[in-house]
Amino acid sequence: MNILMLSSTFPYPPTRGGTEIRTFNLLKYLQQRHQITLVTQRHSGVTDTEVAELREWVKELVIFPLPPEPKQLSGIKGLIGKVSRFSESLIKATPPNVLYRYSPEIQAWVDGFVKAEKCDVITCEHSVNEIYVRPEFKNSVKTIVDIHSSVYGWIRDHLDMGASPNAVRDRLYLNLLLERYEKRYSSKFNYLVVTTEDDKQQFLKYRSDAKIPVIPNGVDLELFPYRNSDPGGYKLAFVGAMDASHNIDAVRFFALEVLPELQKNYPETTFSIVGARPTPEVLALAETKGVIVTGKVPSMVEYLHESAICVVPLRAGYGIKNKTLEAMAAGSPVVGSDRGLEGLAVDTPNVPLRALRANSIPEYINAITRLFENPELRQELSKNGRDLVETEYTWQRAGKLYEQVITD
């Protein structure tokens, strides 16, 4: 198949995190048997070496510049600018971040490519790329949007948990914009690919007749090998990009509210916050007893192997979490919240125990204490977590499912 893949996020290297992981690993699988033309945008952090390396994975790599961010003006001009951008979003039923990244040059290129009948399939890797797919395209080529996660569900969840960085703005978007946006763009595609059953149910509300396969995320088992031994001790770790609002909320909650209570019985307990781009409020946590803020590290898996437990205390977010799957792959016992364990069968009847669940401070103390005191339980979670990932959450399996959608 000739596949036109659209990704406004530069999907390399996959270690950068976020949408890059899913996009690159699906591309990596598909390119084995299909011809892929990838259209993407380059931001300032992308190196020439990364461009050259990504080019090796596709038939053709087409790169456009990322538009400059809107100027942040102060005073009355700034207010007028915000109102103008929001008004445009409402009229077009499209979020501001999608409009900001939109490139007329990409649109013209895509239009010409489709008109010339150079592709059999168009895949939009993340919903922000839907903007380049015209409704009439699905009459001549198969159109697929790999949604990653529902924006409506994500924002609603942040608001429900009190984790939104701008609740007034997000409530406006939720009530006036986002449901219209997802309903509008979902009508343009032959297939809507989602990562969780929750997202599937969300989009079935918009299109009851839609084809919505669920294809979860995966883990590169070579990058996250299983640990050689149980390190024991009292080291806890959290891994993730530390400029993401849901991660910031999670580590602040754990460091300031859970960790001090845990240290009353285990004073030597440490909590490593492992991830790139820590914000000032995350860096400030290093002043808290036992908290270590690493910033970007060469290898996440080393911290997972060295830690007795990986905690995933997310109170917001949506969909299956890569950080949880990666910890399980590495063999690190996981204690996670409902959000941290979302979409995973870890502690339900008739399945092996694969993680411990906690949402309140007492529940975290109880779960972590059980693991500190019980090496057999740590080994049980370690083995069962790895088995789950190997069976159901590899990129090989996700790629195979995605290919089935493309070739159906």
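Close-up 1. R378 is buried, having a relative accessible area of 8%; here buried means under 20% relative accessible area, exposed means over 50%, and partly exposed is in between, using a 1.4 Å probe and protein chains only. This is a predicted model, in which local features need pLDDT of at least 70 and side-chain atom pairs count only at pLDDT 80 or more, while totals for chains, interfaces and linings use all residues. Residues are numbered from 1 along each chain as its sequence is written, and side-chain values use heavy atoms, with hydrogens and water left out. The partner of R378 in a salt bridge is D230, with the closest N and O atoms 2.9 Å apart. Such a bridge is a side-chain nitrogen of Lys or Arg within 4 Å of a carboxyl oxygen of Asp or Glu. The pair links distant parts of the chain, 148 residues apart: R378 sits in helix α14 (residues 375–392) and D230 in the loop between α8 and β7 (235–239). Helices (H or I, at least four residues) and strands (E, at least two) are DSSP runs, numbered from the N terminus. D230 is partly exposed, at 28% relative accessible area.

Close-up 2. Meet D387 and K383, whose closest N and O atoms are 2.9 Å apart in their salt bridge. They are separated by about one helical turn, being four residues apart in helix α14. D387 is partly exposed at 30%, and K383 is also partly exposed, at 45% relative accessibility.

**Close-up 3. The salt bridge between R22 and D146.** In this salt bridge, the closest N and O atoms of R22 and D146 are 3.0 Å apart. R22 lies in helix α1 and D146 in strand β5 (residues 142–146), so the pair ties together parts that are 124 residues apart in sequence. R22 is buried at 3% relative accessibility, and D146 is buried at 0%.

**Close-up 4. Q202 and its contacts.** Look for Q202 in helix α8 (residues 197–204). Q202 is buried, with a relative accessible area of 3%. Leaving aside residues up to four places away in sequence, Q202 touches S150, Y152, R156, E182 and Y318, where contact means heavy atoms within 4.5 Å.

**Close-up 5. A network of salt bridges.** Here E130, R184 and K188 are linked by salt bridges into a network. The count for the model comes to 20 salt bridges.
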